[in-house]
Amino acid sequence: MTMRPLRPRRSVLYVPATNAKALAKIATLSCDAVVIDLEDAVAPSQKVEAREAACRFIAARGAGMKETVLRINALSTEWGRDDLRAAREASPDAVLLPKVDGPRDVLDADRLLDRGDTECWLWAMIETPRAMLNLGAIAELGRDNAARLACLVAGTNDLVKDTGVLATPDRRYLVPWLMQMVLAARAGGLDVLDGVSNDFRNLDAFAAECREGANMGFDGKTLIHPAQIDPANAAFSPGEDAVFEAEAIRAAFALPENRDAGVISLGGKMVERLHLEQAERLLAKAEAK
Ligand code: COA
Ligand code: MG
């Protein structure tokens, strides 16, 4: 595989593959990416027609289309393998694997997807208790240049269902697990996306949840409704102040007298080379959007 490119993933919208109207709307939306869903948003009786509609949409998308991901059914279900085969043909930018329990699930999909030159990445839902316990081993695949894993996605609805924790508006019982996902993603050099908010009419609460996700270190948020796109884009874009500060750090280290300095004083604060790295990353992110 080639190097993982830096892509903005502030707002990643799920679109049920069975909703033709919603699919038709995608081109007009300002989200960074879409996940066409064959899994939980599709009833068992509609799995086959959903697969066909999704692949038609994906194969027909034009160049310059936003990042387009296909969420397949788990390989352990009766639909999973056919979904993956269809994905190989349609060639989405990535396949999102649901209900991943451990690294083996990712490696199995990797092997089945194999087509030598394909640029199709893998994303993994972290939404089962076993995935939480195997998080380090899953994320470690990000260090393997041969594996296609690029992104972890928090599946908070399934985590609530499978663990019995109470889903509260402030997500207090989920936050420790979400933080583990961020830590694991960084260890593996992966992107990581926060879970969905089901309460899609309450946009004030949603904006606060986006800011919380950004503060926790997530790269972006998964969304279920177009109204959630703007708040997510705002919360996960580097703020003006942060960009200004990063530019000041870059400029300071570029001065001839600081070229070989490990640590400098800037505006009354200690700034080290690690802050320069952090600043460069933030500026790259700001430019990528
Ligand atoms: N992607 C693209 N367009 C969407 C959309 C989505 N996820 N959700 C809604 N829209 C569109 C609707 O088609 C509608 O279009 P129109 O104005 O042309 O009629 C418009 O946005 C407004 O929709 P609204 O009436 O407010 O919502 P709804 O009641 O039709 O749908 C949901 C509500 C929650 C059922 C729907 O948003 C949805 O299916 N979300 C995704 C669910 C999903 O994928 N879950 C699995 C992952 S958690
Ligand atoms: Mg799920």
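1. Gln 228 counts as buried because its relative accessibility is 0%, where buried means under 20% relative accessible area, exposed over 50% and partly exposed in between, with a 1.4 Å probe and protein chains only. The residue is found in the loop between strand S8 (220-223) and helix H10 (229-236); helices (H or I, at least four residues) and strands (E, at least two) are DSSP runs numbered from the N terminus.

2. This is a predicted model, in which local features need pLDDT of at least 70 and side-chain atom pairs count only at pLDDT 80 or more, whereas totals for chains, interfaces and linings use all residues. Residues are numbered from 1 along each chain as its sequence is written, chains are lettered from A and ligands numbered from 1 in the order in which they are written, and side-chain values use heavy atoms, with hydrogens and water left out.

3. The side chain of Gln 228 reaches the backbone oxygen of Ser 197 at 3.2 Å, and a polar atom of that side chain lies 2.9 Å from the backbone nitrogen of Ile 224. Once neighbours within four places in sequence are left aside, Gln 228 is in contact (heavy atoms within 4.5 Å) with Ser 197, Phe 200, Leu 203, Phe 206 and Leu 223.

4. Oxygen atoms of ligand 1 lie 2.7 Å from an N or O atom in the side chain of Lys 21, 3.1 Å from one in the side chain of Arg 201 and 2.7 Å from one in the side chain of His 225. Of the 900 Å² of accessible area that ligand 1 has on its own, the protein covers 64%, as given by the Shrake-Rupley method with a 1.4 Å probe.

5. The magnesium ion (ligand 2) is coordinated by Glu 127 (OE) and Asp 158 (OD), at 2.0 to 2.1 Å. The pair links distant parts of the chain, 31 residues apart, with Glu 127 in the loop between strand S5 (121-126) and helix H5 (129-133) and Asp 158 in helix H7 (residues 156-163). Both Glu 127 and Asp 158 are buried. Donors are N, O and S atoms within 2.8 Å of the metal (3.2 Å for Na, K and Ca), and since water is not among the atoms, sites may look incomplete.

Conventions. A polar contact is a pair of N or O atoms within 3.5 Å; within protein, one must be able to donate a hydrogen and the other to accept it, and residues adjacent in sequence count only if both atoms are side-chain atoms.
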